[in-house]
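Below is a short note on charged pairs, the chain interface and aromatic rings. Please read it beside the sequence and the model.

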Amino acid sequence: MTLTLATKDGLAAQDAARDKSPLAIRGMTVSYGQKPAVFSVDMTVEPAKMTAIIGPNGAGKSTLLKAALGIVKPLAGSTTVFGKPVARVRDRIAYVPQRASVDWDFPTRVIDVVLMGLYPQLGLLGRVRKSHRDAAQHCLERVGMEGFATRQIGQLSGGQQQRVFLARALAQDADLYLLDEPFAGVDAATEKAIIKVLKGLRDAGKTVVAVHHDLSTVPEYFDNVFLINTRRVAEGPVATTFTDMHLQDAYAGRLAGAQMDAIRAT
Amino acid sequence: MNGSEFVPLSLVPMLTGIFVAVACALPGNFLVLRRQALIGDAISHVVLPGIVVAFLLTGVVSTWPMLLGAAGAAIIAVVAIEAVRRLGRIEAGAAMGVIFTAMFAGGVLLLEQSDTSSVHLDVEHALYGNLESLIWLDATGWSSLWDPVALAGVPVELPRMALTFVGVALFTVLFWRPLKISTFDEGFARTIGMRTDLLGLALVIVAAIAAVAAFDAVGSIIVIAMFICPPAAARLMTNRLEWQVAWSVLFAVIAAVLGYVLAGYGPLWLGLVDSVSAAGMIATVSGVILGLAALFGPHRLRGSAAPIG
């Protein structure tokens with residue numbers, strides 16, 4: 001594979017794949033201190049698939065997404081979304097941050113959070129019309145939260161908060177959905193509801209990329225995996241890439257045998 | 001109280017107090033939610049030496065040199081904090097604490113050592129301002145409000161604070177959505193293309209302008225109180241940002257009016273002869289409002305105490 005890429009045709013083919021890719025990352029390097037959190041990572045996401053970013057704690061999974069979106073400033077590296085710089089295609093990207101990254105005590109209601117997803121349409125002073133409210137309400141229905149529109153967000157459970165975040169992303173009506181640990185600390189019902197919505201998006205031709213930590217659900221939920229441990233370990237379809245060898249590489253022997261058995265059993 | 005007494009003596013200080021209180025409370029709402037409430041505190045500490053130096057250079061208490069001096073002091077503070085942080089290898093909060101207190105102390109020292117006896121610029125003035133001295137000598141009663149000759153004699157602090165209030169209010173209304181979204185979820189705000197760094201900087205600058213403009217009329221105590229007390233009390237009254245800001249404005253106005261009246265007449269009612277500092281009393285009233293909201297506000301129990309549905 002390396003050999004073919006080294007030829008002129010190979011490079012051209014690689015560039016073509018990147019231009020078509022909903023998310024192509026090249027040479028991404030991020031550092032918070034002395035040690036890099038993400039080092040020279042390349043990633044080419046396949047369109048209309050669900051891709052899991054997996055790796056051990058502190059492997060740079062979330063950082064890779066944040067750097068790609070420009071939330072953290074990388075030392076080096078570039079990102080294209082559908083072949084264009086991120087700044088020019090922001091309306092095609094929906095990002096769902098980690099639930100714990102915001103203060104849920106913030107004085108606002110569920111419907112207001114969902115309406116934030118419509119900000120690019122509304123602008124600074126555009127009036128929130130009934131059509132906007134209806135759209136937001138519909139997004140809440142899709143995640144099973146239609147009865148919570150006027151609740152204060154601090155009154156929600158963890159799973160409900162996660163669904164509200166997903167509803168906001170749905171309101172953005174994007175083509176590329178990037179989610180940071182969408183299943184962290186949520187109840188089983190929420191996990192089911194979220195995966196149903198995400199699979200629905202994929203079946204409608206959208207691309208979904210999620211930072212994921214539960215290895216046992218990877219084959220059931222995702223089409224592709226991207227393994228990272230500061231550096232890129234492997235990338236490809238679950239069937240061929242989600243293997244013992246790659247997992248041991250990514251987790252650097254930190255996976256106990258029992259965990260490996262559990263994964264194999266699924 | 002009739003117009004011929006109220007308009008010349010109390011109208012201007014009361015209105016100035018209201019404009020100061022609201023101009024500080026508006027950005028205060030976002031600063032409190034961003035856990036940056038002490039920035040108001042920091043600003044009013046840091047700018048003091050800048051204002052004093054501006055006065056020493058020009059010899060007069062006037063707006064533009066003071067604003068420039070304050071801005072210069074703020075820049076020096078930022079550079080000094082960064083230097084202390086890097087050279088001393090300590091965290092930013094500690095570096096800020098050192099610089100803020102050092103600069104405020106430097107400002108007080110400059111004030112004490114220099115000859116400022118000819119004007120209203122001394123330590124007490126820096127802390128409590130001089131709200132009571134804003135007397136409208138040309139006014140004879142309510143009719144003076146429509147008399148251009150009398151209006152020309154309105155103390156300059158009032159139009160200055162009114163203008164500051166209008167600027168702060170415009171900023172708040174115009175950037176309401178970006179401020180709200182980026183305060184709640186900065187990461188998301190960036191992904192939809194908001195310049196959250198510039199917005200955060202603009203918020204601090206607006207707060208700084210309000211603080212410096214208010215400084216001359218009312219001193220730094222009231223500025224610190226108004227950045228925090230009305231918004232914090234308002235947060236306990238409601239679970240919606242829109243209403244929180246409305247409550248904070250109401251509380252700020254109540255504090256300004258009630259504080260001014262209590263300072264002027266409270267001691268008399270108690271049988272004492274002197275009145276007390278209006279700025280100090282306004283700050284006190286805002287503190288009492290916060291205390292009452294903390295005890296009786298409908299939304300003082302949140303988070304874990306809220307029903308999980």
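**Notes on the predicted model**

1. Over all chains, the count comes to 16 salt bridges, a salt bridge being a side-chain nitrogen of Lys or Arg within 4 Å of a carboxyl oxygen of Asp or Glu. This is a predicted model, in which local features need pLDDT of at least 70 and side-chain atom pairs count only at pLDDT 80 or more, while totals for chains, interfaces and linings use all residues. Residues are numbered from 1 along each chain as its sequence is written, chains are lettered from A and ligands numbered from 1 in the order in which they are written, and side-chain values use heavy atoms, with hydrogens and water left out.

2. One of the salt bridges pairs D185(B) with R168(A), and their closest N and O atoms are 2.7 Å apart. D185(B) sits in the loop between α8 (176-184) and α9 (186-191) of chain B, and R168(A) in helix α7 (residues 158-171) of chain A, so the pair joins two chains. Helices (H or I, at least four residues) and strands (E, at least two) are DSSP runs, numbered from the N terminus. D185(B) is buried at a relative accessible area of 2%, and R168(A) is buried at 0%. Here buried means under 20% relative accessible area, exposed over 50%, and partly exposed in between (1.4 Å probe, protein chains only).

3. Within chain B, E186(B) forms a salt bridge with R190(B), the closest N and O atoms lying 3.5 Å apart. The two residues are four apart in helix α9 of chain B, so about one helical turn separates them. E186(B) is partly exposed at 41%, as is R190(B) at 26%.

4. R195(B) and D197(B) also form a salt bridge, with 3.3 Å between the closest N and O atoms. R195(B) is exposed, at 52% relative accessible area, whereas D197(B) is partly exposed at 42%. In chain A, salt bridges link R92(A), D173(A), D175(A) and K206(A) in a network.

5. What is the extent of the contact between chain A and chain B? In it, 39 residues of chain A meet 30 residues of chain B, contact meaning heavy atoms within 4.5 Å. The two chains bury about 2,900 Å² between them, 61% of it on carbon and sulfur atoms; buried area is the accessible area (1.4 Å probe) that two parts lose on being put together, summed over both.

6. Between chain A and chain B the count is two salt bridges. On the side of chain A that touches chain B, α4 (110-116), α5 (119-122) and α7 each supply at least two residues. The residues of that side divide into 20 nonpolar, 11 polar and eight charged. Ala, Val, Leu, Ile, Met, Phe, Trp, Tyr, Cys and Pro count as nonpolar, Asp, Glu, Lys and Arg as charged, and the others, Gly among them, as polar.

7. Over all chains there are 12 aromatic pairs. Rings of Phe, Tyr and Trp (its six-membered ring) pair if their centres lie within 6.5 Å; planes under 30 degrees apart count as stacked, over 60 as edge-to-face and the rest as tilted. F106(A) and F184(B) form a tilted pair, 5.3 Å centre to centre with 45° between the planes. This pair crosses between chains, from the loop between β6 (93-96) and α4 of chain A to helix α8 of chain B. Both F106(A) and F184(B) are buried. W104(A), F106(A), F165(A) and F184(B) form one aromatic cluster.
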